[in-house]
Amino acid sequence: MEHYHMNLTLKVWKQKNKNEKGRFETYQVKNISSEMSFLEMFDVLNEQLVAENKEPIAFDHDCREGICGMCSMYINGRAHGPWHHTTTCQLHMREYKDGDTIVVEPWRANSFPVIKDLVVDRQAFDRIIQAGGYVSVNTGNAVDANAIPIEKHDADESFASAACIGCGACVAACPNASAMLFVSAKVSHLSLLPQGDPERKTRVMNMIHQMDKEGFGSCTNIGACEAECPKGISLENIARLNREYLGAMFEGGSQNAI
Amino acid sequence: MALNSKIPAGSLEEKWEKYKSTCKLVNPANKRQLEIIVIGTGLAGASAAASLGELGYKVKTFCFQDSPRRAHSIAAQGGINAAKNYQNDGDSTFRLFYDTVKGGDYRSREANVYRLASVSANIIDQCVAQGVPFAREYGGLLSNRSFGGTQVQRTFYAAGQTGQQLLIGAYQALERQVALGNVTQYSRHEMLEVVTIDGKARGVIVRNLVTGELERHFGHAVLLCSGGYGNVFYLSTNAMGSNVTAAWKAHKKGAYFGNPCFTQIHPTCIPVSGDHQSKLTLMSESLRNDGRIWVPKKQGDNRKPNDIPEEERDYYLERRYPAFGNLVPRDVASRAAKERCDAGYGVGASKQAVYLDYASAIQRYGKIEVNKQGIENADAATITKLGKEVVKEKYGNLFEMYEKITGENPYEVPMRIYPAVHYTMGGLWVDYELQTTVPGLYALGEANFSDHGANRLGASALMQGLADGYFVIPYTLGNNLADDIRTKAIPTDHPAFVEAENNVRDRINKLMSIKGTESVESFHKRLGKIMWDKCGMARNAQGLKEAIEEIKALRKEFWSNVRIPGDVNEFNPELDKANRVADFLELGELMCMDALNRNESCGGHFREEYQTEEGEAQRQDDQYMYVSAWEYKGDSNFELHKEELIYDVVHPTQRSYK
């Protein structure tokens, strides 16, 4: 792989806190290596700002290996940038060339208020899980792990849904700011397994109820969530969620049971 | 203070069983009056908080990330060990115990390791019941893979995302307790001080990272589940935010630090590509199951890897360690890679890398698939295609990650790998009950020192974190809290809370008032370089002495010239980082002192002066068969206490994987 260096113009959203109005600021960064990750390019910019005695840009990041779900940049109009199935931290600078302009914004959704600059508050996702995204089994209550065989196909499907990292790119990408892909991934993960079966009706009802309460928008089958999901969570999950929800409605699943 | 490890009497098999049936209990009504603080929400913290909440304790959890689900346990790839013996290949609790003690180069506590092995099977049961989607065979039963340092298949996994799935299981159990009102969770909060009253841990001072406010929280007990300190090296496989601060504050309040120099360097990471590098990425140890590690036989060979014929390749692990081959433990594999690179056989632009090659695995799996599918006279292209599909199913996400980072396709070209800092076996000293030398203060998971000796085996970190949280602390905490049921919640206007908060505020104000010229990042990088060069994969007395002086000087410079932009009372990641790096600058010195004190090589601690003729680690059992437990006595002043290690069952020998 050929390595090269580039100079870039960055237009980055700056916002002091959730109450103040934000705006775009323009920055120049020089001599960026094509081998850097996108966030390493931001490290360079922030070091430059500190050297100039200016305040660096706040952005969320932690594991930098695409699994924790913390990083969350909206890059040139796309959640996590242009690479398919990739988080911001795994996007690398060989995507760009000398002279490019890159626009970087935070996730935009009413349910994800901006904390500062590119950092948003995603605690709504925790509250949706609290509403029912679990199996009610206390420590020590389990039977032998091989007591219930699970068809490999179901286990694999469940795993594919469980791969969701809770980053919120689906919400950011959706024009309605819907959280259906996130919620459906959790509902699918658990309803595909025998362990999740006893609570499947209350789970889906309560999670949907909480999702609505948090102010997330409705799903209108646009599919941007699936296209931008860094973990390839499929729209089939939403179809499954709708089936689970209808089934639970007809059988009168409670909205209060925990 | 003399160390009391509180190991129960009786034979190895009886200790934990007897402890459980005779320890003191707290009745449900009293549990509701007892408050527990849990710092960190990774596998240890989330599992402990969920289990204690289920029991009825009033729990508060704190994490610096935006959600408990982000904790770095999530990044563990390969798997979790358990002595289930589902494969009928000779595994048992004893075998797992033995492998762990041997893998740790005889520097761990027998009783703790045996307990770990004996609860390992319960962990898998619990996780499956929570809905953790482990890999399964076509018969619907759980699948296992091999890992380093063992000859049985006891590792359970969920593709290359095992840590993620286990953490989500624990996180969901935790969120259920939040919903039930048993746990209150605080995200974007960082612990900056332990509050002690009458010699007992009774609370913490935390900083709300969004508003910058300091908060006081009372607890009858405080559990530190804050992970390891590998980021002292700047470059490591840890998350960017992973830090030692919680553990270090506890240390300065009287908790002894155990074996600080025991650091694990993981053999298979993506090599450093330049000065801009912010972290290193692990390629799971599970890749050594099928991948073969080699370098050219000729020094400085610049040919492309696929142009180097088979007979000119040196599969040095298979050559040196025929019994374990590519599956030797991590410390051994790392040193062997360094040895080849130092001798001039390294590959890639930096020459600081070796190859991890999947070509023969692809062929082997391809041939099996051809037979399975009944394809007659399959051509080479079909075999290769089918083989790649199998490899993709097993390791697809890892291969993708490699390609994203390096821009090279590992299905076609061998991966380049090099060792990197990964895990710290050292940590807060704890007794059998996971209690530190400060009563009421506990350490779980990677934050404690207890189970892995001088080297941790692959897939054992997840096991330990969950063992401590799900199955150990619910018993041992109760045993101690039974004596505390008459203690009412202490109001946080108690002078000890006021004083602790003032200390934290003073330190933050001091940091902000320096207004120097150099960034926090720059100091962290400089510290990391000293640590890697002189307290890294190979250490010697001379280098360690130099490192201690260099760290002292760097610390002085930090406190006179660091620049932290922004304000105290706002979201300020530079200030968060400064708080953490300030603590790393103290810890680094202690690590070097510990490494200097230990005049032997064992596990991940390799002192160049102590090696066999073949370059293997040479222990000095007659002098160093102990845990180094360091007591903080003031700036650069630490007193060494020793916990002698007594091996009743396993007889330490020179570790051999040949």
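Author: In this predicted model, B:T41 counts as buried because 32 C-beta neighbours lie inside 10 Å, where 20 or more are required. The residue sits in the loop between β1 (35–39) and α3 (43–55) of chain B. Residues up to four places away in sequence being set aside, B:T41 touches B:A46, B:T61, B:C63, B:P68, B:A71 and B:L174. A further relation across the sequence concerns B:A170, which is 129 residues from B:T41 along the chain, yet the two C-alpha atoms are 9.0 Å apart in space.

Burial is also a feature of other parts of chain B. In strand β6 (residues 189–197) of chain B, eight of the nine residues are buried, and the strand is thus mostly covered. This strand pairs with strand β7 (residues 200–208) of chain B in the antiparallel sense, over eight bridges. One of the pairs joins B:E193 to its bridge partner in β7(B), B:I205. The hairpin formed by β6(B) and β7(B) has two residues between the strands, and B:D198 takes a positive phi near 50 degrees there.

A second hairpin of chain B is formed by β20(B) and β21(B), with five residues between them. In its turn, B:G634 has a positive phi of about 125 degrees. Strand β20 (residues 626–632) and strand β21 (residues 638–644) of chain B run antiparallel and are joined by seven bridges. Within this pairing, B:W630 stands opposite B:L640 of β21(B).

For B:L428, the contacts beyond four places in sequence are with B:L224, B:A247, B:A250, B:H251, B:A255, B:F257, B:G258, B:T436, B:A443, B:A447, B:N448 and B:F449.

The domains of chain B are domain 1 (266–421) and domain 2 (502–625). Their C-alpha centres lie 33 Å apart. The contact between them involves six residues of domain 1 of chain B and five residues of domain 2 of chain B. On the side of domain 1 of chain B that touches domain 2 of chain B, helix α10 (residues 330–342) of chain B gives the most, with five residues. By class, that side has one nonpolar, one polar and four charged residues.

Because 11 of its 13 residues are buried, α10(B) is largely enclosed by the rest of the structure. Among these buried residues are the charged-type positions B:R330, B:D331, B:R335, B:K338 and B:R340, together with B:V332, B:A333 and B:C341. The elements that cover the buried residues of α10(B) include β11 (263–269), β12 (292–296), α9 (316–320), β14 (354–357) and β15 (415–424) of chain B. Just after α10(B), B:G344 takes a positive phi of about 95 degrees.

Of the 258 residues in chain A, 53% are buried. Among contacts in chain A with a separation of 6 or more, 72% are between residues 24 or more positions apart. Chain A is divided into domain 1 (5–115) and domain 2 (123–250), with 29 Å between their C-alpha centres. Their contact takes 18 residues from domain 1 of chain A and 16 residues from domain 2 of chain A. The side of domain 1 of chain A that touches domain 2 of chain A comprises seven nonpolar, nine polar and two charged residues.

Finally, the contact between the two chains takes 68 residues from chain A and 65 residues from chain B. On the side of chain A that touches chain B, the elements giving two or more residues are α1 (38–51), β6 (114–116), α2 (123–130), α3 (152–162) and α5 (180–191) of chain A. That side of chain A has 30 nonpolar, 21 polar and 17 charged residues.

Definitions and conventions:
Residues are numbered from 1 along each chain as its sequence is written. Chains are lettered from A and ligands numbered from 1 in the order in which they are written. This is a predicted model: local features need pLDDT of at least 70, side-chain atom pairs count only at pLDDT 80 or more; totals for chains, interfaces and linings use all residues. Two residues are in contact if their C-beta atoms, placed from the backbone, lie within 7 Å. A residue is buried if 20 or more other C-beta atoms lie within 10 Å of its own, exposed if 12 or fewer, and partly exposed in between; C-beta atoms are placed from the backbone. Domain bounds come from an automatic or database domain assignment. Helices (H or I, at least four residues) and strands (E, at least two) are DSSP runs, numbered from the N terminus. Two strands pair if DSSP finds at least two bridges between them.
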